[in-house]
Amino acid sequence: SALQCLMCTPLLCEYFTQEYLYDLNPGGGVSGSGGRLAVAFSELILATASAKDRNSSVIAPRTFVRVFTDLVQDFSGWAQQDVQEFLSVFLSGLSDDVNRCREVSHPALEDGDGRPDHEVARERWAA
(Lines give C-alpha, C1' and ligand atoms only; values in the text may rest on other atoms or scores of the structure.)
Protein backbone atom coordinates (compact mmCIF):
# COMPACT_ATOMS: atom_id res chain seq x y z
CA SER A 1 0.00 0.00 0.00
CA ALA A 2 2.92 2.37 0.65
CA LEU A 3 4.16 1.92 -2.92
CA GLN A 4 0.66 2.57 -4.25
CA CYS A 5 0.57 5.85 -2.34
CA LEU A 6 3.99 6.86 -3.67
CA MET A 7 2.96 5.99 -7.21
CA CYS A 8 -0.02 8.32 -6.86
CA THR A 9 2.33 11.23 -6.22
CA PRO A 10 2.46 13.01 -9.62
CA LEU A 11 5.79 14.83 -9.22
CA LEU A 12 7.55 11.70 -7.98
CA CYS A 13 6.23 9.65 -10.89
CA GLU A 14 7.13 12.32 -13.42
CA TYR A 15 10.65 12.52 -12.05
CA PHE A 16 11.19 8.75 -12.01
CA THR A 17 9.91 8.19 -15.54
CA GLN A 18 12.83 9.98 -17.18
CA GLU A 19 14.41 12.91 -15.34
CA TYR A 20 16.05 10.80 -12.63
CA LEU A 21 18.51 9.44 -15.21
CA TYR A 22 20.37 12.78 -15.14
CA ASP A 23 20.88 12.45 -11.38
CA LEU A 24 21.49 8.70 -11.16
CA ASN A 25 24.42 7.90 -8.89
CA PRO A 26 26.01 4.71 -10.25
CA GLY A 27 28.76 4.94 -7.63
CA GLY A 28 26.50 3.50 -4.99
CA GLY A 29 26.25 6.24 -2.40
CA VAL A 30 25.63 5.21 1.18
CA SER A 31 23.12 2.46 0.33
CA GLY A 32 25.43 0.71 -2.10
CA SER A 33 22.61 0.27 -4.61
CA GLY A 34 24.50 1.80 -7.50
CA GLY A 35 21.24 3.19 -8.87
CA ARG A 36 19.50 -0.21 -9.03
CA LEU A 37 16.73 0.79 -6.62
CA ALA A 38 15.89 3.94 -8.57
CA VAL A 39 15.85 2.01 -11.85
CA ALA A 40 13.63 -0.71 -10.36
CA PHE A 41 11.21 1.92 -9.03
CA SER A 42 11.15 3.65 -12.40
CA GLU A 43 10.42 0.35 -14.14
CA LEU A 44 7.59 -0.30 -11.67
CA ILE A 45 6.06 3.10 -12.43
CA LEU A 46 6.35 2.47 -16.18
CA ALA A 47 4.83 -1.02 -15.81
CA THR A 48 1.91 0.46 -13.89
CA ALA A 49 1.33 3.09 -16.58
CA SER A 50 1.53 0.42 -19.28
CA ALA A 51 -1.03 -1.73 -17.42
CA LYS A 52 -3.39 1.24 -17.18
CA ASP A 53 -3.03 1.79 -20.94
CA ARG A 54 -4.04 -1.84 -21.50
CA ASN A 55 -7.02 -1.43 -19.14
CA SER A 56 -5.42 -3.89 -16.75
CA SER A 57 -5.39 -3.32 -13.02
CA VAL A 58 -2.86 -6.03 -12.14
CA ILE A 59 0.93 -6.00 -12.25
CA ALA A 60 3.47 -8.27 -10.59
CA PRO A 61 6.27 -6.18 -9.05
CA ARG A 62 8.69 -9.15 -8.96
CA THR A 63 11.72 -7.24 -10.24
CA PHE A 64 11.22 -4.40 -7.78
CA VAL A 65 10.78 -6.81 -4.86
CA ARG A 66 13.86 -8.80 -5.87
CA VAL A 67 16.04 -5.69 -6.15
CA PHE A 68 14.78 -4.27 -2.85
CA THR A 69 15.17 -7.51 -0.91
CA ASP A 70 18.64 -8.05 -2.37
CA LEU A 71 19.63 -4.65 -1.00
CA VAL A 72 17.80 -4.93 2.33
CA GLN A 73 17.94 -8.49 3.63
CA ASP A 74 15.60 -7.65 6.54
CA PHE A 75 12.72 -7.47 4.06
CA SER A 76 13.32 -10.81 2.35
CA GLY A 77 10.90 -13.66 2.95
CA TRP A 78 7.21 -13.56 3.68
CA ALA A 79 7.20 -12.02 7.15
CA GLN A 80 5.11 -8.90 7.75
CA GLN A 81 7.13 -5.70 7.89
CA ASP A 82 6.39 -2.28 9.28
CA VAL A 83 5.34 0.11 6.50
CA GLN A 84 7.05 3.06 8.20
CA GLU A 85 10.32 1.12 8.28
CA PHE A 86 9.91 0.16 4.62
CA LEU A 87 9.26 3.77 3.61
CA SER A 88 12.23 5.01 5.61
CA VAL A 89 14.62 2.49 4.06
CA PHE A 90 13.15 2.80 0.57
CA LEU A 91 13.14 6.62 0.44
CA SER A 92 16.65 6.74 1.89
CA GLY A 93 17.81 4.34 -0.83
CA LEU A 94 16.10 6.39 -3.55
CA SER A 95 17.71 9.53 -2.18
CA ASP A 96 21.15 7.89 -2.31
CA ASP A 97 20.54 6.67 -5.85
CA VAL A 98 19.77 10.15 -7.21
CA ASN A 99 21.97 12.23 -4.92
CA ARG A 100 24.08 14.63 -6.97
CA CYS A 101 26.63 14.88 -4.17
CA ARG A 102 29.00 11.99 -4.84
CA GLU A 103 31.05 12.31 -1.64
CA VAL A 104 29.87 13.20 1.82
CA SER A 105 32.23 15.50 3.66
CA HIS A 106 31.82 16.54 7.27
CA PRO A 107 33.97 19.17 8.94
CA ALA A 108 36.20 17.82 11.68
CA LEU A 109 34.85 19.01 15.00
CA GLU A 110 36.82 19.19 18.22
CA ASP A 111 35.62 17.51 21.40
CA GLY A 112 33.89 19.70 23.99
CA ASP A 113 36.67 19.13 26.57
CA GLY A 114 34.32 19.73 29.49
CA ARG A 115 33.10 23.11 28.25
CA PRO A 116 29.41 24.01 28.77
CA ASP A 117 27.03 22.51 26.21
CA HIS A 118 25.76 25.90 25.01
CA GLU A 119 29.31 26.98 24.04
CA VAL A 120 30.01 23.75 22.18
CA ALA A 121 26.59 23.93 20.46
CA ARG A 122 27.21 27.52 19.32
CA GLU A 123 30.60 26.48 17.94
CA ARG A 124 29.15 23.46 16.11
CA TRP A 125 26.33 25.47 14.53
CA ALA A 126 28.89 27.98 13.25
CA ALA A 127 30.93 25.18 11.57
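Cys8 sits out in the open: this residue is exposed, with a relative accessible area of 64%. For these labels, buried means under 20% relative accessible area, exposed means over 50%, and partly exposed covers what is in between (1.4 Å probe, protein chains only). Cys5 is exposed too, at 55%. A disulfide is a covalent bond between the sulfur atoms of two cysteines. In the model, a disulfide is called when a pair of cysteine sulfur atoms lies within 2.5 Å, and on that basis the count is zero. Cys5 takes part in no disulfide, and the nearest cysteine sulfur, that of Cys8, is 6.8 Å away.

The structure is a predicted model, in which local features need pLDDT of at least 70, side-chain atom pairs count only at pLDDT 80 or more, and totals for chains, interfaces and linings use all residues. Residues are numbered from 1 along each chain as its sequence is written, and side-chain values use heavy atoms, with hydrogens and water left out.

As for the fold, the protein has six helices and zero strands, giving the pattern α-α-α-α-α-α along the sequence. Helices (H or I, at least four residues) and strands (E, at least two) are DSSP runs, numbered from the N terminus. Of the 127 residues, 29% are buried. The accessible surface comes to about 9,000 Å², and carbon and sulfur atoms hold 54% of that area; such areas come from the Shrake-Rupley method with a 1.4 Å probe, and for residues only the protein chains shown count as cover. Among contacts (heavy atoms within 4.5 Å) with a separation of 6 or more, 61% link residues 24 or more positions apart.

Which residues does Ser42 touch, leaving aside its neighbours within four places in sequence? The partners are Phe16, Thr17 and Tyr20. With Phe16, a polar atom of the Ser42 side chain lies 2.5 Å from the backbone oxygen.

Leu91 is found in helix H5, which runs over residues 83–97. Its relative accessibility of 38% makes Leu91 partly exposed. Leu91 and Leu37 are 54 residues apart in sequence, while their C-alpha atoms are 9.8 Å apart in space.

How values were computed: A polar contact is a pair of N or O atoms within 3.5 Å; within protein, one must be able to donate a hydrogen and the other to accept it, and residues adjacent in sequence count only if both atoms are side-chain atoms.
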